[in-house]
Amino acid sequence: MIGTIISLLSYLVQKGLLTKEEADRSTVTVGEKGELKASMSTYITMKKVLDAEADADPDMCEDIVLWHTLNQDKNIVEKLILDKYGDKPIIKQNIKKLKGLTGISEFSPLSKEFLCGISGGADESTGEIYTVLNRLYETNMNLNEILFEPRYCFQDAIDRENGTEKTEVTYEDLEDLYVSPAVRRGIWQALKMADEYVSVMGKAPKKIFVEVTRKKEEKKQTISRKKRLEGLYKDAREIGELQAALNKRTEAELRQERLYLYFLQLGKCAYTGKPIDLGKLNSNLYDVDHILPRSFLKDDSIDNKVLCLREKNATKSDQYPLPDGFSDQRDFWETLRAKELMSEKK
């Protein structure tokens, strides 16, 4: 929902909760101390390709996202984009990027019609039409509280939209659902079971709960830490001493977090760039720091950890983003990223 996200960003800027520069970068987060948190990955993707046009024409962005979601064939997506928007210069310039967009494959569980299109009455003093989205903006109520708040009448509006006055569901009714044939058959079987229950009990149940199982994910093949480092070091330069030190280490030793981070950071503190004394690695001179503090988010992955001088880490505390003076090592981080020793996420 590109249009909804643009509205959200504008609202946050208006309320002083976000600067215009942050809105343009879409660096929005929400944590336990009140900061906002949302990846907005689809909006960011479109913004990178179309820049200001993503804000100026959200309907076009919605169409492009929809076509990518519905079609696995990129050639079909390209044809649909060109047929409808091919006369726009920015589309002609970026059609290859728009055709090759990745990471857009699922629908949101909440539709634009649900969030913005259903009216739940109006404010008598201002005449403002209530929608689910502006109630989420303007109140501290959660979604369920809003839906079942009598003064908003959202549930009645949703029932009318869904046509719940219809008493019989046919298999053809399920064909409009964006689900696979296998899932559709499962839904139909659940409905038939519900009908059987009603016929036996002589009355309809107040609620029906359907339990579903998730497909077990295939176990990904893992590469040992030592082999991964050896592969990365092989393509890097000027790390002869580190290479020699790595060769002396066993796979079991590299399971030690500090040692693994030491080699990932080329033996330097992530926050100062100063060399780390390998012989004193486990002393109180050094810390393993959570980049995003645990008070905000519990993430114990390597992507959220760095090896650093304890003295420097003490000045950071639980601040996020990193305080002034910590970004001085950006060139060092970029070097690690280029060598694939630091992930894009980190």
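**Salt bridges and their surroundings**

Guide: Let us begin with accessibility: Lys345 has a relative accessibility of 58% and therefore counts as exposed, the cut-off for exposed being over 50%. Please bear in mind that this is a predicted model.

Visitor: With which residue does the side chain of Lys345 meet in a salt bridge?

Guide: The partner is Asp299, with N and O 3.4 Å apart. Asp299 lies in the loop between strand 3 and strand 4 (305-309), whereas Lys345 belongs to the segment after helix 17, so the pair ties together parts that are 46 residues apart in sequence. Asp299 counts as buried, at 14% relative accessibility.

Visitor: How many salt bridges does the structure hold?

Guide: There are 12. Another of them joins Lys316 to Asp289, whose closest N and O atoms are 3.1 Å apart. Because Lys316 sits in the loop between helix 16 (310-313) and helix 17 (330-338) and Asp289 in strand 3 (residues 286-290), this pair ties together parts 27 residues apart in sequence.

Visitor: Are Lys316 and Asp289 buried or exposed?

Guide: Both Lys316 and Asp289 are buried.

Visitor: Which residue does Lys88 meet in a salt bridge?

Guide: Lys88 meets Asp57, at 3.5 Å from N to O. The pair links distant parts of the chain, 31 residues apart: Lys88 is in the loop between helix 6 (74-85) and helix 7 (89-99), and Asp57 is in the loop between helix 4 (53-56) and helix 5 (58-70). Lys88 is partly exposed, its relative accessible area being 23%. Asp57, at 17% relative accessibility, counts as buried, because the cut-off for buried is under 20%.

Methods
Residues numbered from 1 in each chain as written. Predicted model: local features only at pLDDT ≥ 70, side-chain atom pairs only at ≥ 80, totals over all residues. Heavy atoms only, no water. Salt bridge = Lys/Arg side-chain N within 4 Å of Asp/Glu carboxyl O. Helix = DSSP H or I, 4+ residues; strand = E, 2+ residues; numbered from the N terminus. Buried < 20%, exposed > 50% of the residue type's maximum accessible area, 1.4 Å probe, protein only.
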